[in-house]
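Colleague: I am new to reading protein models, and I would like to know what the words really stand for. Could we go through one together?

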Amino acid sequence: MEKANKQLSRRNFLRLSSLTGASLTIGFYFPAVAKDAATILTADGALEKGIELTAWISIDKKGLVTLLSHRAEMGQGAFQAVPQMIAEELEVDLNKVRIEFAPGDQGKYGSQITGGSSSVRNGYKMLLKTGATAREMLVAAAAAKWQASAADCYAEDGHVIHRPSGKKLNYGELVEDAAKLTPPSNVKLKERKQYKVIGKALARQDNPVKVNGKAEFGIDKRVPGMLFASVERSPKFHGKVKSFDDRAARAVKGVKDVFKVEMPVFSFTREGIAVVAESTWAAMQARKLLKIEWDNSAFEHLDTTTLYNRMKEDLNKPGNAQRALGNAAAAIAKADKKVEAVYETPYESHSAMEPLNCTAWFQDDKVEVWGPIQAPDWIQSDLSTRLNMPAEKVRVNMTFLGGGFGRKAFTDYTYEAVAISKVIKAPVQVVWTREDDMTQGPFRPGIVYGCSAGLDKGGHIRGFNIKLAGQNMDLQNSPNPDKTDYNRSTTEGLVEKYLETIPHYHFSDIPTTSPIPVMWWRSVYSSTNVFAFESFMDELAQTVGKDPIQFRMEHLPWEEERVKTLLNTLKEKTGWDKRGKNEGWGMAVSDCFASLTAQAVKVSRREDGGVKIDKVITVIDCGWYVNPDIIRAQVEGAIVMGLGAAVTHETTFRDGQAVETNFHQYRMPRINEMPVLETHIMENDEKPGGVGEPGLPGVAPALCNAIFDLTGKRIRKLPFKLNEV
């Protein structure tokens, strides 16, 4: 993948392209306040309206296509899926399409948050239309040049061909004329059976540059005159600097300065001592020599046991109802069979392979940052507000991300880098260590679920009550939040079609108070909710002696075909009805970011005790899709993360600080521990759903249900040890 010229501003590029006819440039534009009114414009049209195109295609005189992406690439495959969509409708070789990052600017690009698997599912229609529009304009330009009918011309492999005569012109020869045309308002998109590129498992174009080192990640950024910083922050979440002795640190060769620095973390401020040096190594070595006295007196020093006991006590409270129908409590009380269970999920660190880092340059009336940034528009807005600086003076540049999982959408680390640059009056790169990354948070919140249900004599659920106790991520932005405001994610991950067959249900939450900062983690609340939902569904099926899949089928409306088809496919792929007596099989189904996922886990007994995971079979219905290889890779990555959260790692707390500091304590699943992974993709024309996150939520409940099937032991708390089952 070629690296585009990033020294040329997009606006200047559009202006120059328009004036010289050097390219055909069109794109779509999502007005920030009315995204449904997206329109396709040329460079001239964009300039006339004073806007910048959200995602644009530019074809130069050599026929090279450049795309501008307003979303991040953190391994999820947007830099492959978006070019594949454009190449399909534009009728151009994928190898002639290159892509570069747009800067952060919500006013121009609308939401730039890369999360919720939204890059494809929210933008696919306009991306396809943009490619098709460019194609039609090139065809029209060729027809005019030949004085032929456009109906007699077609596009193929970067050329327009005149069918009767066989004459052909490449796109580069047509861009000057095409750029003078008005984009057609209605273009016909291809039918699925006509696709040549979409739906194919084409190798990712960003892989070679990531392997050979040419891809620019945040830590690769260099600015003339830049310095490097490492920050010793309070190990306790709200600790303040009482005093510090920096004499030994300043004596390290290359150290330029040492000073106190602050960064906002939701509604509180984290303090630290920054060491600035000529190299990251010098800064880190000097940091170790700091002597800091912390004031840890003004907040609660929680430990994990106390925190979970508090959540369990909270389950006795009424809770804030998010969703309810009928009278669940009364229905459960009158039911023929009643089931109650409490499930626990742990706090987790994001632990992306690439720790946090940011390069910043504060210059009096403007600021610029570079780094692995998941939400450049939020960073721009946050810096603009906190620095009291116009947004147009805050430039946010994305690099590739070495994983993000939600953490790199937060604003703390970029602000801290800017604050240091402001003090030293020079560009600076701040690098977090693995220990910084794993102990400072924000973390995925641990949650306790209280579940109860009542079933009738036929084995159908009559009343269903789920109560969630844990930190509500939405309440952290105020020091005095409204704790009666309900958590809008209490049902996230649930197959909502169940609720159409249950006459009485009640979902509520009780927000737990804690100084621990928490944030999105891969698949967000689905990553914990589905463990409770689908473990409990399995317990209910077992209580009434029904097959787990059949029990779920019976709790879907008769007209519901999509979930039933998914479950039937899982049965087929697993050989569910033929599974052996000494095999443990469990399954779970989830609805996560508009994709349905059914997963089955097979376990067996180990000779030395405990159980081993033999296989995970996943069937995903993500509707219309672009690249099956990316889907499989995302599902497999999500399974690794889901298994880790189930059996190998968690973040615990002692005396107000995180205990696990690195991978020796927060252990990832290893290659020799991974089961066989098998992923099947449903074929249909439903709207596209996410693929980066839906593979995670069902892993833990399917595993625990399989262990119950094999051993009769019900696991309700994560993580657990496989060798102790």
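Colleague: In which helix is the place of Thr 528?

Modeller: Thr 528 sits in helix H16. Helices here are DSSP runs of H or I with at least four residues, strands are runs of E with at least two, and both are numbered from the N terminus. Before we go on, this is a predicted model, where local features need pLDDT of at least 70, side-chain atom pairs count only at pLDDT 80 or more, and totals for chains, interfaces and linings use all residues. Residues are numbered from 1 along each chain as its sequence is written, and side-chain values use heavy atoms, with hydrogens and water left out.

Colleague: Why is Thr 528 called buried?

Modeller: Buried means under 20% relative accessible area, exposed means over 50%, and partly exposed is in between (1.4 Å probe, protein chains only). Thr 528 has a relative accessible area of 2%, so the residue counts as buried.

Colleague: Which residues does Thr 528 touch, not counting those up to four places away in sequence?

Modeller: Contact means heavy atoms within 4.5 Å. By that rule Thr 528 touches Thr 345, Arg 444, Pro 445, Ile 447 and Tyr 449.

Colleague: What makes H16 largely enclosed by the rest of the structure?

Modeller: Of its 18 residues, 16 are buried, and therefore H16 is largely enclosed.

Colleague: Why do Glu 91 and Lys 190 count as a salt bridge?

Modeller: A salt bridge needs a side-chain nitrogen of Lys or Arg within 4 Å of a carboxyl oxygen of Asp or Glu. The side chains of Glu 91 and Lys 190 meet at 2.8 Å, N to O, so the pair qualifies. The two are 99 residues apart, with Glu 91 in the loop between H3 and S5 and Lys 190 in the loop between H7 and H8. Glu 91 is buried at 10% relative accessible area, and Lys 190 is buried at 14%.

Colleague: What does the salt bridge of Lys 145 and Asp 177 tie together?

Modeller: Their N to O distance is 3.3 Å. Lys 145 lies in helix H6 and Asp 177 in helix H7, so the pair ties together parts that are 32 residues apart in sequence. Lys 145 is partly exposed at 43%, and so is Asp 177 at 30%.

Colleague: How do you know that Asp 246 is buried, and is Arg 250 buried or partly exposed?

Modeller: Asp 246 has a relative accessible area of 15%, so this residue is buried. Arg 250 stands at 39% and counts as partly exposed. These two form a salt bridge, with the closest N and O atoms 2.8 Å apart. The structure holds 52 salt bridges.

Colleague: What makes the protein as compact as a globular protein of its length?

Modeller: To begin with, its secondary structure comes to 20 helices and 28 strands. The radius of gyration is taken over C-alpha atoms, and the globule rule is 2.2 Å times the number of residues to the power 0.38. For 725 residues the rule gives 27 Å, and the protein has 28 Å, which is close, so the protein is as compact as a globular protein of that length.
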